[in-house]
Each structure stands twice: as structure tokens, then as C-alpha cells.
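Come along and check each entry with me.

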Amino acid sequence: MPVLDAVEVSWQADAAPPEAGNALPLLHEIRHALLRLQQEGEPTLLDLSAIPFGPGDRDRLLAALGEGEVSARIEALGPTLIRETALAGVWLVQYFDPDEQELVLHIEISHCPRLLSTPVEDIDLALRQLDDRLDTQLHAQSDSEPGSDLDQPLDSSAPHLAG
Amino acid sequence: MAEEITLLESLRRRGVSRRGFLKFCTATASLMALPPALIPRVAAALEQAKRPSVIWLSFQECTGCTESLTRSHAPTVESLIFDHISLDYHHTLQAAAGDAAEHAREEAMKQHHGKYILVVDGSIPLAENGNYSTIAGISNLEMLKECAEGAAAIVSVGTCAAYGGLPMAKPNPTGAVGVSEIIKDKPIVNVPGCPPIPTVITGVLAHFLVFGSLPELDHLGRPKVFFGQNIHDRCYRRPFYERGQFAETFDDEGARKGWCLYKLGCKGPITYNACATNKWNEGTSWPVESGHGCIGCSEPGFWDFGGLYKALSVPTGNIGSTAVAAAALGVAAGAGLAAMNRSKKQAAAKAHETMTVTDLNKET
């Protein structure tokens, strides 16, 4: 479309000026939360979906927080990106659906984001899974070595292997 | 038909991990506009949540409410919620038609009597014995009464079902009314909007799924968590209002700089809705951010406001009542805010809070 390409088009979006937006108040809120973490050890979660952001607000906030040295990606019900900001203890937790559309953006002020820690229930499951794998391994070995000691039942004094 | 399994079990069967479940709870809490501190409570409740049966009736409507819901931008969360609920009857979405569809409705009503959620979109015509709108030969009025009888609660989705909506606009030839004008003995939650914000519809259903109850409502039957604050108070353009910086036309310098749209007829000061935070089109924007004032679509009577571009506080006729006089104080504020002192600004803000759609209509 050479004719249309020749038409000069200028496009300008006027973002709300910084003093009119919600980035600055949020930075103050993050400061209070960081202070609470330092003095009382209490973490804070801020849901940015509940904040009335104007054009440019979110970018201004993220630019002010900067990028830190830790990042992680969790694959569970779609990806979740966890990044520490340049401010230690201030994390961005971005939840996406499987099509990588953002569902929720949290700012978590904590020593370590909640979702990174292994859930207690998963440890129970992990033990059961490991037991199954050990059991499979032991049987595979005993099948190939008839008459070996491994045919004997497992030692009941090893609770993590029992059951 | 609804099966008696918990949501956690339902998710496990889909191979969702514990972290996935926590993520689902986080997104659901955000959807319900609950503070993140309540996520553990949501998780505990969702572990035990049973699968509710939902019957969805569509009456005098444009299908915009269903369109809004099916085009929502949190598909994982919402599809999981909708996969979990048992949507036993929905004209537009169900595969069944004719006798089979009506049979499904009757069966769901019988099997889950006293427990199902009844969702209604569209208004109900009362004129001519309700004959303006019928489904399978049954008038909307009759079907509503029949389905409401065994419902645990009713959710009126959209301004038509909540307050009559566009079908009720003067001169209202079909005698259209909202659900609460007919059903008086059931808990009803109104989710108005033309259309309502999809995440708000799902948020209300999620609340029922999680807590087994309806959210706290305001005096118009709307969930306070979404409709507790007016658009004006949550608007990112509010600081311009405070400074007296207004767009006078849609193409002037003020409009280009994103100043307040109050003088162009924005109904934000009298409209309670969640647009300013929940937004539309995958969270991209909302009317005010796109440069158009709020039209007040979640308020009763918005269709007869007297003009989308008529500024709220500009007096066009005789000012008689106290309420309108209070609004007139707001006019002065609107005309010269930059020069006003702080006390006058506060008085103007107070005046705006007292103004209602009825007051607005008295001006014309």
C-alpha cells in the first residue's frame, strides 16, 4: 500500500501526569509494608487489580521499583512469574493463564513469596511417590537377582519407607 | 446434573497441583475483590465447596450480558468456575432445544429444589398478561415465578433484570420491570451494568461457590464489594476535577490532556460500579479512559437521564427542591473550581453525594 504508506500519521497518547496518578501513593504503601516486614516480620500482599490505575501509572510504578537479581517461573495452571524488584523484599508476582494472559498482579512484601515455598501437602505426596519408586526399584532388582536379600520385607524401623 | 464432589477434587481430577490450586484461589479472591489476606480463607472454603446447580433464564434482553460473560478475560479462573458449577439451563449456551431444553430445566428444578441458583438476564414484561415475551409458550412472568419458587437465591444480571433497563425506557410499551418488582420472598443480588463487567458476574457466582452465601448488598441490592464506591471517587481523572481542569469539548486541549469529563456529561459522580478498577477488554481500558464520560449504566433509570452529554449539575430549568439546590452548588463548583477555596470544594463534593437520578430528572 505505497500510497497509504506515504501518508504521514502521527499518534500521540497523553498519559496522565505523574502527580495525578496512583504510583506515588502505592510507593508510600509499599514503604509502610517494608517497614512492617523489617520490624514485625509480617508480610504484606497488595493486589494491583484493585487499584484504579490511569494510563502510565503501572509503568511508572514498575520503573520506580526496578529489577532485582532473583526471578522464577512456576508452571501450574499456566505460568506464574516471580521477580524480586531492585528493593530487597519487594516482589512482583504475576499470575497468567495458559494463554499467557495476565490474571492478577501482586506486589508481595516478604522474605520469600508464598507460592515459591513447597506446600506441606506436596511433601506428603512426595513421600508416597518416593516410596512407590523405591518399591518399584527394589522389585525390579529382586526380579533380576532371585534369592537375594532384597526379597525380604523392608525394615519397619525405617518409617519413611514403610507403607 | 450437579455431582456431589468438592471443587478441590474436581481440580485434582484435572491434574491441577497444589500450587495450581493456590493460584486458582488467589485469582478467585482477586476476582471477588477480596483483600489478599483472605486468600487462605478462600482456599479453605474452596477445598470443601460443592458443585451448585445454576439455571439461567434470559427474558427481554439483547444477549449483551451473556456476550460479556463469555468474552471475559480471566478464562482459566472463570472456565474452572463454570466447569465446576452445573449450568443446567441457559437458552443461548445450551445444546438442547425445544422440549429437551425445557425438560432439562424442569429436571434441574426438581432435583435441586431449594438449592439451585437462578440467574436472570433481561426484564419481564407485565403488559398484556406478559404476552410480549414468551419461551416455549410460557410467559417470562410465569417462568420466572415457577423457577424462583425452588431457588436458593436469584442473581439479576444486567440492568434490565435488576431495574428494568432499556425495555423499561419511557414510554415502556411492554410494561417491563426488574426481577425484584415481582419476586419478594427470595434473596436477590443485582449485578447491574449494560452490560455488567464480566468479572463482577463471575465474582458474585464465585462468592456463592466459596462461601455458600450472597455477598453484602447495598440499598439497591448490589454487592458492596464491587458497587461500594462511585466511579467519580475511583476515577484516575479525579485530580483534574479537584483542580478545575475540564474538557469542554471532545477535541479540545483538555480532552487531549485527559482532563475531567464532568462538563461533557460524565455520570461518574452518581454511578456506582467497578469499571475504574476492573476495566474491559482484558483490562485494557474503560469508558472514561477511552475519553468518553460514564453514562451511568449500572443505575436505575439511567436510560431516562435526559441526555448522555448533559452535565450533571448544569441547571436547565426551574430549581425547586432542596436536592436540586444542593446540586446547583455543585454547578458553581463545576464552573469555577480553580478559583474555589477548600471549604467550597468540600461543600460541592458533599452536594454531589446527595444527588440521585431522581434529582437529575427533576431538572428537566
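**Entry 1: cysteines**

How many disulfides are there over all chains? I was working with a predicted model, and the count came to zero.

I wanted to know why, so I looked up two cysteines of chain B, starting with Cys194(B). The closest cysteine sulfur to that of Cys194(B) belongs to Cys297(B), 5.9 Å away, which is too far for a bond because a disulfide needs the sulfur atoms within 2.5 Å. I also noted that Cys194(B) is partly exposed, at 37% relative accessible area.

Next I turned to Cys266(B), whose sulfur has its closest cysteine sulfur in Cys294(B). Those two sulfurs are 5.3 Å apart, again too far for a bond. Cys266(B) counts as buried, with a relative accessibility of 10%.

**Entry 2: where the chains meet**

I found 37 residues of chain A in contact with 31 residues of chain B. Together the two chains bury about 2800 Å², with 61% of that on carbon and sulfur atoms. Pro52(A), Leu77(A) and Leu103(A) give 21% of the area that chain A buries against chain B, more than any other three residues.

**Entry 3: polar and charged links**

Which side chains form the salt bridge? I found Glu121(A) paired with Arg18(B), at 3.4 Å from N to O. Between chain A and chain B, the count is one salt bridge. I also noted 14 residue pairs in polar contact between these chains.

Sorted by class, the side of chain A that touches chain B has 22 nonpolar, eight polar and seven charged residues.

Definitions and conventions:
Residues are numbered from 1 along each chain as its sequence is written. Chains are lettered from A and ligands numbered from 1 in the order in which they are written. This is a predicted model: local features need pLDDT of at least 70, side-chain atom pairs count only at pLDDT 80 or more; totals for chains, interfaces and linings use all residues. Side-chain values use heavy atoms; hydrogens and water are left out. Contact means heavy atoms within 4.5 Å. Buried area is the accessible area (1.4 Å probe) that two parts lose on being put together, summed over both. A salt bridge is a side-chain nitrogen of Lys or Arg within 4 Å of a carboxyl oxygen of Asp or Glu. A polar contact is a pair of N or O atoms within 3.5 Å; within protein, one must be able to donate a hydrogen and the other to accept it, and residues adjacent in sequence count only if both atoms are side-chain atoms. Ala, Val, Leu, Ile, Met, Phe, Trp, Tyr, Cys and Pro count as nonpolar, Asp, Glu, Lys and Arg as charged, and the others, Gly among them, as polar. Buried means under 20% relative accessible area, exposed over 50%, partly exposed in between (1.4 Å probe, protein chains only).
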